[in-house]
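Student: Could we go through a structure together? I would like to learn how to read its rings and helices.
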Amino acid sequence: MKEWVSVKLQEYKVWDATTRVFHWLNVLCVFGLAAVGTVILNGDALGASAGGKIILKTVHVWIGYVFVLNLLWRLVWGFIGGPYARWRTILPFGRGYAAQLGAEVTALREGRAQNYLGHTPVGRIAVTVLFGALLLQGATGLILAGTDLYMPPFGSAIAAKVAAGGVDPEQVRPNAPETVDPEAYKAMRSLRAPVVETHELMYFVLLGLIALHIFAVVLTEIKHGGNIISAMVSGRKSFVDPPADRLE
């Protein structure tokens, strides 16, 4: 006859509302940017017209503005937000971090679960890399918005540089060669070339990082529990044993 053992879970408040809103808005923006970006990259194969490509790029940029503003707010929130949203509990350094990382690596090798309210020591490395990739993608995207569509924040300055003699920079538009000076335009496009390459490369890097992030979260949830996924909705995690990073 089996004997049932009652297991009591302790619930902990982890993610504040702002962190959760950032996370899901970021998910929506990245999904939208990736979807539109994929169409743009394959525009010729899909038969998109020049005007159609401009519309797609404009939509991409507007989603990008939301993405960048959301990301910048998260950077600020890392200094003033809840305890587990702050950079000191996210970035992979600080007092005691090396020991925590060593303990987690040992636990992973031995197949033991270690409970964490915030990000695990290994997770902090992954999150830092992901944040860096998002920032780089946002920065290069803003540059391309200005050099391709003459949109803010750099569009006005770029238009002034490439405008043809006697043409008001306000009248410079994409796919309007008569409004630009050919030599100035060619020089600008040459300077933006490495930015384009970086932006496209980071598109694939981010897809890979996001896939790894989802895989790691799901695998951890299945093997060790802890409400990792639902916590980003409810803001709370539940454990039987006390978490290693509980802040008193």
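Tutor: We shall look at aromatic rings, then at a pair of helices, and finally at one helix by itself. Please keep in mind that this is a predicted model.

Student: How many aromatic pairs are there?
Tutor: The count comes to six aromatic pairs. One of them is formed by Phe22 and Phe131, whose ring centres are 6.1 Å apart. Their planes stand at 10°, which is under the 30 degrees that separates stacked pairs from the others, so this pair is stacked.

Student: Where in the chain do Phe22 and Phe131 sit?
Tutor: Phe22 belongs to helix H1 (residues 17-41) and Phe131 to helix H5 (residues 121-148).

Student: Are Phe22 and Phe131 buried or exposed?
Tutor: Both Phe22 and Phe131 are buried.

Student: And how are the rings of Trp87 and Phe131 arranged?
Tutor: Their centres lie 5.4 Å apart and their planes are at 80°, so the pair is edge-to-face. Trp87 is in the loop between helix H3 (50-80) and helix H4 (97-110), 44 residues from Phe131 in helix H5. Trp87 is buried, as is Phe131.

Student: Which residues form one aromatic cluster?
Tutor: Phe22, Trp87 and Phe131 form one aromatic cluster.

Student: What does Arg74 do around those rings?
Tutor: The charged end of Arg74 sits over the ring of Phe22, at 5.9 Å from the centre of that ring. Arg74 also lies over the face of Trp87, 5.4 Å from the ring centre.

Student: New topic: how does one describe two packed helices?
Tutor: One gives the angle between their axes and the distance between the axes. For H3 and H5, the axes come within 10 Å and cross at roughly 140°. That angle makes H3 oblique to H5. The crossing of H3 past H5 is left-handed.

Student: Last one, H6. Which of its residues are buried?
Tutor: In helix H6 (residues 155-162), the buried residues are Gly155, Ile158, Ala159 and Val162. Viewed down the axis of H6, they fall within an arc of 100°, so they line one face of the helix.

Student: Why would residues three or four places apart point the same way?
Tutor: An α-helix has 3.6 residues a turn, so residues at that spacing point the same way.

Student: What is on the other side of H6?
Tutor: Ser156 and Lys161 are there, and they are exposed.

Notes: Residues numbered from 1 in each chain as written. Predicted model: local features only at pLDDT ≥ 70, side-chain atom pairs only at ≥ 80, totals over all residues. Heavy atoms only, no water. Buried < 20%, exposed > 50% of the residue type's maximum accessible area, 1.4 Å probe, protein only. Helix = DSSP H or I, 4+ residues; strand = E, 2+ residues; numbered from the N terminus. Arc of directions from axis to C-beta. Phe/Tyr/Trp six-rings, centres within 6.5 Å; stacked < 30°, edge-to-face > 60°. Lys NZ or Arg CZ within 6 Å of the ring centre and 35° of its normal. Axes fitted to C-alpha atoms, helices over the stretch in contact; angles between N-to-C directions. Parallel < 35°, antiparallel > 145°, perpendicular 65-115°, else oblique. Left-handed = near helix turned anticlockwise from the far one by under 90°.
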